[in-house]
Amino acid sequence: MSIDYKLIQEKAEGYKAAMTKFLRDVVKFPGESCGEKEHAERILEEMKMLEFDEAYIDKQGNVMGFMGKGDKIIAFDGHIDTVGIGNRANWTFDPYEGFEDDLHIGGRGVSDQLGGVISAVYGARIMKELNLIPEGYKVMVVGTVQEEDCDGLCWEYIIKKENIRPEFVVSTEPTDGGIYRGQRGRMEIRVDVQGISCHGSAPERGDNAIYKMSEIIQNIRDLNANSADESTAIRGLVKMLDKKYNPEHYEEANFLGRGTVTVSQIFYTSPSRCAVADSCSISLDRRMTAGETWQSCIKEIEDLPAVQKYGAKVSMYEYDVPSWTGEKYPIECYFPTWVIPKEHNVTKSLEKVYQGLYNTELRKGDVDNIEMRQARPLTDKWTFSTNGVSIMGRNGIPCIGFGPGAEAQAHAPNEITWKNDLVTCAALYAGVPYEYSQLVK
């Protein structure tokens, strides 16, 4: 058997109007993290209408749909929560009512990343219609929750609590028409330093925690900005791109990009505005490249001169907010780096299907994004973080990305996606299970 790619394209194009309506139906409901109930229920309704072999909502609130009856699972993941709308005055259209024209669909979450779930649902339907699910396999489409608050939490739950471990997972996060095989990791770090309060009229009597923290912040800025020169007291994070400091992973680090750190929040305590602050804390957003771990990132902060000088405490945040169903699954705010090799059968499968469908190594796009897209390689990586931090980062399950929409639309006002992206992705998804099964025979 060989795949009739032209027929797949025709099927996907035939579902463009249905996918557009489905996406607009879901977007009408606000669905921020821990409030995805209506999104899950609308997606479940569509799965049942499209005759998925099994469809349900699990205890955490993830919506699951299965096609096929085999023991091996190929999964397509998309998170169904969105961020909020921010300042409503920045939107030129209603973020939930949205809009559509010949090329675009607008609304909160259309790119990040409800469109990916819609394409996966219809991709699975096409697989069933064209008998493209290999013997021994079944396809899982999952709309996951709480990603915007804590990426990967949902998959920790699915793997550890639901005991579902796919052969591999395609993330349907937006990829600007590309195939993405990795991302930098991230973690959320907290630094606390103590002081002694006194009346502000005689600050010498106290010990100002804010002054201490100001020195620590300067050290953190240096850690991010400095070179890797050995004469530098604080060697910069760019060092991980150098084989000398990262011998096992420097090539992947150069592919993904250097790690970064920045201060994202600051807090203090003080008896009053007329007193010296007796504590100060900061949050750090730490992006990690290949070869960096949570242990190495914590130690880097602990070893900073000002942290040592003032005995500051360095720790990692934990997330323990209940999902929309009330289920709670506490987890550390550590989201590991991951990258799947270019030569991996999963990478080859997606590239082979893409080539079969479109006979090009250039990204597909529309008149308003094609130039930007085709200036980039077809196989690339994400700038932001995805559920792959759990799927592959924590659990070693191969993960790769291909999804409708654009990274630049994520969390932005006037968010849009492209109707043709929905078609492109549904078609590619439909061909992946069969082509993968042929490569691993």
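R376 and E407 form a salt bridge, their closest N and O atoms being 3.7 Å apart. R376 sits in the loop between α11 and β18 (379-380), and E407 in the loop between β19 (399-401) and β20 (416-418), so the pair ties together parts that are 31 residues apart in sequence. (A salt bridge is a side-chain nitrogen of Lys or Arg within 4 Å of a carboxyl oxygen of Asp or Glu; helices are DSSP runs of H or I with at least four residues, strands are runs of E with at least two, and both are numbered from the N terminus.) R376 counts as partly exposed at 23% relative accessibility, whereas E407 is buried, with a relative accessible area of 12%. Here buried means under 20% relative accessible area, exposed means over 50%, and partly exposed lies in between, with a 1.4 Å probe and protein chains only.

Before going further, please note that this is a predicted model, in which local features need pLDDT of at least 70 and side-chain atom pairs count only at pLDDT 80 or more, while totals for chains, interfaces and linings use all residues. Residues are numbered from 1 along each chain as its sequence is written, and side-chain values use heavy atoms, with hydrogens and water left out.

## More charged pairs

Side chains of opposite charge can pair when their charged atoms come close. The structure holds 34 salt bridges. One of them joins D25 and K21, at 2.9 Å from N to O. Both residues lie in helix α2 (residues 16-27), four residues apart, which is about one turn of the helix. D25 is buried, with a relative accessible area of 16%. The pair also belongs to a network of salt bridges that links K21, D25, R42, E45 and E46.

Another salt bridge runs between D421 and R373, with the closest N and O atoms 2.8 Å apart. This pair links distant parts of the chain, as D421 is in helix α13 and R373 is in helix α11 (residues 370-374), 48 residues apart. Both D421 and R373 are buried.

## The cavity

D421 and R373 turn up again in the lining of the largest cavity, together with G177, Y354, K364, F402, G403, P404, G405, T424 and C425. (On a 1 Å grid over the protein atoms alone, a cavity is a set of points where a 1.4 Å probe fits but cannot get out; a pocket is an open set with protein on both sides within 12 Å along at least five of seven lines; lining residues have an atom within 4 Å of a point.) A search of the whole structure finds one cavity of 30 Å³ or more.

How much space lies in the largest cavity? About 60 Å³, where a volume is the space filled by probe spheres set on grid points joined across faces, edges and corners. Helix α13 (residues 419-439) gives the most to this lining, with three residues. The lining divides into four nonpolar, four polar and three charged residues. In this count, Ala, Val, Leu, Ile, Met, Phe, Trp, Tyr, Cys and Pro are nonpolar, Asp, Glu, Lys and Arg are charged, and the others, Gly among them, are polar.

## The largest pocket

The largest pocket has a volume of about 240 Å³. Strands β10 (185-194) and β12 (279-288) are the elements that give two or more residues to its lining. The pocket is lined by 15 residues, and E147, E148, R186, S385 and H411 lie nearest its centre. By type, the lining holds ten charged, three polar and two nonpolar residues.

## Contact across the sequence

Y5 is in helix α1 (residues 5-14). At 13% relative accessibility, Y5 counts as buried. Y5 and L357 are 352 residues apart in sequence, but 5.5 Å apart in space, C-alpha to C-alpha.

## Backbone details

Most residues other than glycine have a negative phi, and most peptide bonds are trans. C34 is not a glycine, yet has a positive phi of about 75°. C34 is found in the loop between α2 and α3 (37-49), and at 23% relative accessibility counts as partly exposed. N163, also not a glycine, has a positive phi of about 55°. N163 has its place in the loop between α5 (153-160) and β7 (168-171), and at 64% counts as exposed.

The peptide bond from D112 to Q113 is cis, with omega near -15°. Q113 is found in helix α4 (residues 110-129).
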